[in-house]
Amino acid sequence: MQPQANGMKLHNFNSGPSILPQPVLDEAARAIHDFNGTGLSILEIGHRTPWFQEVLNEAVASVKKLMQLDDAYEVLFLHGGATTQFMQVPMNLLDTGDAAAYCVNGIWGSKASKEAAVFGTAAVVSDSADKGHTYIGKDFDVPAGAKYLHITTNNTVEGTQWHNYPSAGAPLIGDMSSDIFSRPVDFRKFSLIYAGAQKNMGAAGVNLVVVKKEILGQVKRRIPIIMDYRKHIEAGSLMNTPPVFAVYVSMLTLRWILAEGGLEAMGKKSKEKSDLLYNTIDTLPVFTCKVAKEDRSQMNAVFFLTDPALETPFLDLCKKEGMIGVKGYRTVGGVRVSMYNALAPESVQAFCTLMKDFAVKHG
Ligand SMILES: *Cc1c(COP(=O)(O)O)cnc(C)c1O
């Protein structure tokens, strides 16, 4: 079933929370009434029941399978959003006298580095603010002794994405909130990966954290148990009540990704969708994309009307035609089209047709 409002077909380009696969929504809706024939709602079952344990086990196993990880890594589902991880990462890995390196290529990396400065020294080794974060700065050195290097693998707001991860000489940490499971990458390059679920993996309220055990347990500070990765590992993500429904929706989405052909299939679809959109932008002079070509994001395309006076008419047209969530981030402006895994290629095709029609009228 295609989403509709007043008989009009909708195309959901929201940046997050964002579109989910229809089979996931259908199954989750069923489970709210009757979870797996138990007669109880998924919202009503205990988190220590065998029923929920199965959900968690499948979610963890799916992550390990998709990432091709061995037992050096632990998979956790923790409360909060990626913003919680901005703090939890340095709290667990950085002592007061330590330094960590941060690549700042947008608003989220900037926020992450500021949280690190609460616990130690955050050395910003590259910052693309000089060009409005329209590129990824790849030419930098990580200071000797840095405890880790932190990157934002996809800059949701600015529309850039790392297409080759840096070799750090220090444990690499990635905020993958907005491109997790969107294509095959070498996850083993990372010592810690985190992602808020609500962009490409599920419902808001849960974080996926994948951590290599060897980097833990090296700080001297006391860590509150709810913030301590090692305690969560010991408890198997069940130290306290986890966000049961959000974990369940992530499990269903992971199951859907695997059924659709895994990361190869996701990557192929993402490339086709984003190639089509960027080609359309580049061939229509009415639109301008300022992002460096080699750094363009396959998840979030950020672009502008060449004549700013046309922005409002274009966004009004989008609204009229059922194109949801395409207004750029409040600090950036312009247009942002998010193309997460669940977005059908037909939605990007429909959007490109609309762009061409608009260009004919206003070119
Ligand atoms: C959305 C987003 C965040 C913030 O996530 P919250 O769940 O709202 O805390 C952090 N990093 C990236 C890359 C994001 O896209």
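User: What does contact mean here, and what share of the contacts in the chain with a separation of 6 or more joins residues 24 or more positions apart?

Analyst: Contact means heavy atoms within 4.5 Å. Of the contacts in the chain with a separation of 6 or more, 66% are between residues 24 or more positions apart. The model is predicted, so local features need pLDDT of at least 70 and side-chain atom pairs pLDDT 80 or more, while totals for chains, interfaces and linings use all residues. Residues are numbered from 1 along each chain as its sequence is written, and side-chain values use heavy atoms, with hydrogens and water left out.

User: How many helices and strands does the chain have?

Analyst: Helices (H or I, at least four residues) and strands (E, at least two) are DSSP runs, numbered from the N terminus. The chain has nine helices and 16 strands.

User: Which residues of helix α8 are buried, and which are exposed?

Analyst: Buried means under 20% relative accessible area, exposed over 50%, and partly exposed in between (1.4 Å probe, protein chains only). An α-helix has 3.6 residues a turn, so residues three or four places apart point the same way. In α8, residues 311–320, the buried ones are F314, L315 and C318. Seen down the axis of α8, they fall within an arc of 95°, so they line one face of the helix; the arc is that of the directions from the helix axis to the C-beta atoms. T312, K319 and K320, on the other side of α8, are exposed. Among the elements covering the buried residues of α8 are β14 (300–305) and α9 (345–362).

User: Which residues touch the most other members of the largest nonpolar core?

Analyst: In soluble globular proteins, nonpolar side chains tend to be buried together. A nonpolar core is a set of buried Ala, Val, Leu, Ile, Met, Phe, Trp, Tyr and Cys residues joined through side-chain atoms within 4.5 Å. The largest one has 55 residues, of which M67, F77, F181 and L208 touch the most other members. Helix α6 (residues 244–259) gives the largest share of this core, ten residues. A second, separate core has 31 residues, including F287 and M355.

User: Which parts does the salt bridge between E58 and R255 tie together?

Analyst: A salt bridge is a side-chain nitrogen of Lys or Arg within 4 Å of a carboxyl oxygen of Asp or Glu. In the bridge between E58 and R255, the closest N and O atoms are 2.8 Å apart. E58 lies in helix α2 (residues 50–67) and R255 in helix α6, so the pair ties together parts 197 residues apart in sequence. E58 is partly exposed, at 26% relative accessible area, and R255 is partly exposed at 39%.
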